[in-house]
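Subject: Structure for you, with notes

Hi,

Here is the structure I promised to send over.

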Amino acid sequence: MTTRLLVIEDDPILGEGLKTGLQKAGYSVDLADRLDAANAVLARRHQPAAILLDLGLPDGDGLKFLKTLRRDGQSVPVMIVTASAQREMRLEGLDSGADDYVTKPYDLDEVTARTRALLRRSWGMAADFVQFGPYELDLNGQVVRAGERSVLLTQREFRVLSLLTSRIGRWVSKPDIEYAVYEDAADIESNTIETAVYGLRKKLGAEVILTARGLGYMVRR
Ligand code: CA
C-alpha cells in the first residue's frame, strides 16, 4: 500500500535499515531519531498510516509517548520495535495501546510483512488485493489483473493507484496524492501525477480514474 509510515528509532543503522527496507516495499517513510522529531511529524496535516516505535529514545520513553498518543485519542496503528524481549515489557506495550510488537534483532522481511498486516487490519482489508470495477490490484506484485489479463504498472502508477483504491469512491486531491506518493514533495515535477494517471488510463481504460477540477481524482468501486 502506498502509504506514509513514521519510524521512530534513534540507532542510525537500524533506523536507516528500516527506512530503506520499508521504502523498497513501496512505503514512504519519515524517520525520527527523537520523540520531539516524531511529534513534529505528527503535528503535520497528513498523519502517518502507521508508526514503528523504538522504546528507548534519547529524549524519552517510547511507552509514555504511546500512552500519550492513545490518551489524545490517536488511533494510528503502532508496532513496537525494540530490544526488550521480556514478557512484561511486551505486555505493557500491548496494554499501552500497541497493535503489534517485534523484538530486535528482527528480520526485515518479517517487519515488512507485519507492517502490511497491521495496515490491512486498520483498513479492514482481508487480503493483499483491492477490487475496483472489473479489476483487481495486487498490492504485493504491483500488477493489475482483469480476468486473464495482467497489466504491469510502473512504481509511480502503482503508488497512485494504490492510494486511490485505498480511498475508493472518494475524491483525493492532487496535493494529498503528491504528499502520499512522494518522499519529498519539493522534488515533484508539476505534471508527475498527471503522467501517472495518463499511464494508468492508457493501460486500464480512460474511465478507470475520474478527474474533477478542484476535487482531484477518484477510482470508483
Ligand atoms: Ca533506542
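Predicted model: local features only at pLDDT ≥ 70, side-chain atom pairs only at ≥ 80, totals over all residues.

**The parallel sheet**

I'd start with the open sheet of 5 strands, which are ordered S2-S1-S3-S6-S7 and pair in parallel. At its edges are strand S2 (28–32) and strand S7 (100–103), each pairing on one side only. From one strand to the next, the twist averages 20°.

S1 and S2 run parallel and are joined by 5 bridges, with leucine 5 opposite valine 29 in S2. S1 also pairs with S3, again in the parallel sense, over 4 bridges; there the bridge partner of leucine 5 is alanine 50. Next comes the pairing of S3 with strand S6 (residues 78–82), which is parallel and has 3 bridges. Leucine 52 is the residue that stands opposite methionine 79 in S6.

Are its faces covered, or open? Both are covered: Ala50 and Leu52 on one side are buried, and so are Ile51 and Leu53 on the other.

The peptide bond between lysine 104 and proline 105 is cis, with omega at about -5°. Proline 105 sits in the loop between S7 and helix H5 (108–123).

**The calcium ion**

Which residues hold the calcium ion? Asp10 (OD), Asp54 (OD) and Gly56 (O) coordinate it, at 2.2 to 2.3 Å. Along the chain, these donors follow the spacing D-x43-D-x1-G. Aspartate 10 is in the loop between strand S1 (4–8) and helix H1 (12–24), while glycine 56 is in strand S4 (residues 56–57), so the pair ties together parts that are 46 residues apart in sequence. Aspartate 10 is partly exposed at 31% relative accessibility, and glycine 56 is partly exposed too, with a relative accessible area of 48%.

**The antiparallel sheet**

There is also an open sheet of 4 strands, in the order S8-S9-S10-S11, and here the pairing is antiparallel. S8 and strand S11 (149–152) are the edges; each has a single partner strand, so one side of each is left without a neighbour in the sheet. Ignoring direction, neighbouring strands in this sheet are turned by 25° against each other on average.

Within it, S9 and strand S10 (residues 143–146) run antiparallel and are joined by 3 bridges. Aspartate 138 stands opposite valine 143 in S10. Two helices are involved with these strands. H8 packs on the sheet and touches S8, S9, S10 and S11, its direction making about 165° with that of S11. H6 lies across S8, S9 and S10, and runs at about 115° to S9.

As background, nonpolar side chains tend to be buried together in soluble globular proteins. Here the largest nonpolar core has 27 residues, and the members that touch the most others are Phe132, Leu137, Val144, Val160, Leu161, Ile177 and Leu204. Strand S8 (129–132), strand S9 (135–138), helix H6 (155–166), helix H7 (174–181) and helix H8 (192–204) each supply at least two of the residues in this core. A second, separate core has 20 residues, among them Leu6, Ala38, Val78 and Ala98.

- Valine 144: leaving out residues up to four places away in sequence, its contacts include Phe132, Leu137, Leu161 and Leu204.
- Isoleucine 177: this residue is in helix H7 and is buried, with a relative accessible area of 0%. Setting aside residues up to four places away in sequence, isoleucine 177 touches Val160, Leu163, Leu164, Val172, Ile193 and Tyr217. Its C-alpha atom is separated by 17 Å from that of valine 208, which is 31 residues away along the chain.
- Phenylalanine 132: together with tyrosine 135 it forms a tilted aromatic pair, 5.4 Å centre to centre and with 35° between the planes. Phenylalanine 132 and tyrosine 135 are both buried, and the count of aromatic pairs comes to 1.

That's it from me. Happy to go through any of this with you.

Cheers

Methods
Residues numbered from 1 in each chain as written. Heavy atoms only, no water. Donors = N, O, S within 2.8 Å, 3.2 Å for Na, K, Ca; no water. Buried < 20%, exposed > 50% of the residue type's maximum accessible area, 1.4 Å probe, protein only. Core = buried A, V, L, I, M, F, W, Y, C linked by side-chain atoms within 4.5 Å. Contact = heavy atoms within 4.5 Å. Pairing = 2+ DSSP bridges. Axes fitted to C-alpha atoms, helices over the stretch in contact; angles between N-to-C directions. Phe/Tyr/Trp six-rings, centres within 6.5 Å; stacked < 30°, edge-to-face > 60°.
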